[in-house]
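The sequence and structure come first.

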Amino acid sequence: MTASGVPTAGRVTKEWAAEFPGFDAWKSLHLLRRIGPVVQGICLDRTTGDDGYLPTVHVHALTREFPVVSLMLGQRSARPSGMPDPVLFARHERDFAHAVGALREQSRLPLDELPSIDEIVRQYHAEARRRLEKGHGAAVPEMEDSVLVAAAAGRDELAGEGLVLARELSASWPKSSMPFDWPGSDAWLDGLAVRAGDRESLLSVVRGQAIAHKLGKIRDHLAPDGVRHDRLA
């Protein structure tokens, strides 16, 4: 607590970590838990005025080389109107319990229980469908992550489902929304299938990304053989 009575970012982080013991404090205002080739996070994203934070749940796949932990499948805590629902640091004590409850209720993936690889992958699938329905363009990263996370976890049938869905959706993606270096649907799908079929290479990327993002202190709740560690406390 500062002299003005406003809690520090460190204290806010600790209070959120205490509410969600399955997660570990990764950085200031950011909690993570690892589930094999993917991490699930609670990011207390600072507001533009730096006077508060927006509770945000997300995932990040470790199966691609990426310079930061991304906010994929991100959901910001929202009011009934759909507008973001920030928590001001000056009102943290008053609004904290409400913010925790709202995030628990709104998150599409469980926060108090460990989501399975299947649940996470199917949320990628659902997001890809939502993007198409809402006209938000191609969901290339979502579909790639869904296939590669499943493959890295040894869920070959689930990875196959993702490839089938990727083929179905890519046929409807508008050309204007495709990445500038898009090789074409067939070439992209063939390349994705090859990557999914090389689990050892995927696991090597996962190990490298865990080191790059300094995840050594983040517990991994999925053993190398795919067995879940369900005791989160």
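K214 lies in the segment that follows α7 (199–212). The model is predicted, and the points below begin with the backbone at K214 and then turn to the cores.

**Positive phi angles**
- Most residues other than glycine have a negative phi.
- K214 has a phi near 55°, a positive value in a residue other than glycine.
- With a relative accessible area of 67%, K214 is exposed, because the cut-off for exposed is over 50%.
- L73 also has a positive phi, near 55°, and is not a glycine.
- L73 is found in strand β5.
- L73 has 16% relative accessibility and therefore counts as buried, the limit for buried being under 20%.

**Largest nonpolar core**
- In soluble globular proteins, nonpolar side chains tend to be buried together.
- The largest nonpolar core here contains 37 residues, and V38, I117, Y124, M143, W173 and W188 have the most contacts inside it.
- Two or more residues of this core come from each of β4 (52–61), β5 (72–76), α3 (117–133), α4 (140–152), α5 (156–170) and α6 (185–196).
- α4 gives the largest share of this core, with 8 residues.

**Surroundings of W188**
- Which residues does W188 contact, leaving aside its neighbours within four places in sequence?
- W188 is in contact with V140, M143, E144, A166, S170, W173, W182 and P183.

**Second core**
- A separate, second core has 19 residues, among them W16, A17, F20 and L31.

Key
Residues numbered from 1 in each chain as written. Predicted model: local features only at pLDDT ≥ 70, side-chain atom pairs only at ≥ 80, totals over all residues. Heavy atoms only, no water. Core = buried A, V, L, I, M, F, W, Y, C linked by side-chain atoms within 4.5 Å. Buried < 20%, exposed > 50% of the residue type's maximum accessible area, 1.4 Å probe, protein only. Helix = DSSP H or I, 4+ residues; strand = E, 2+ residues; numbered from the N terminus. Contact = heavy atoms within 4.5 Å.
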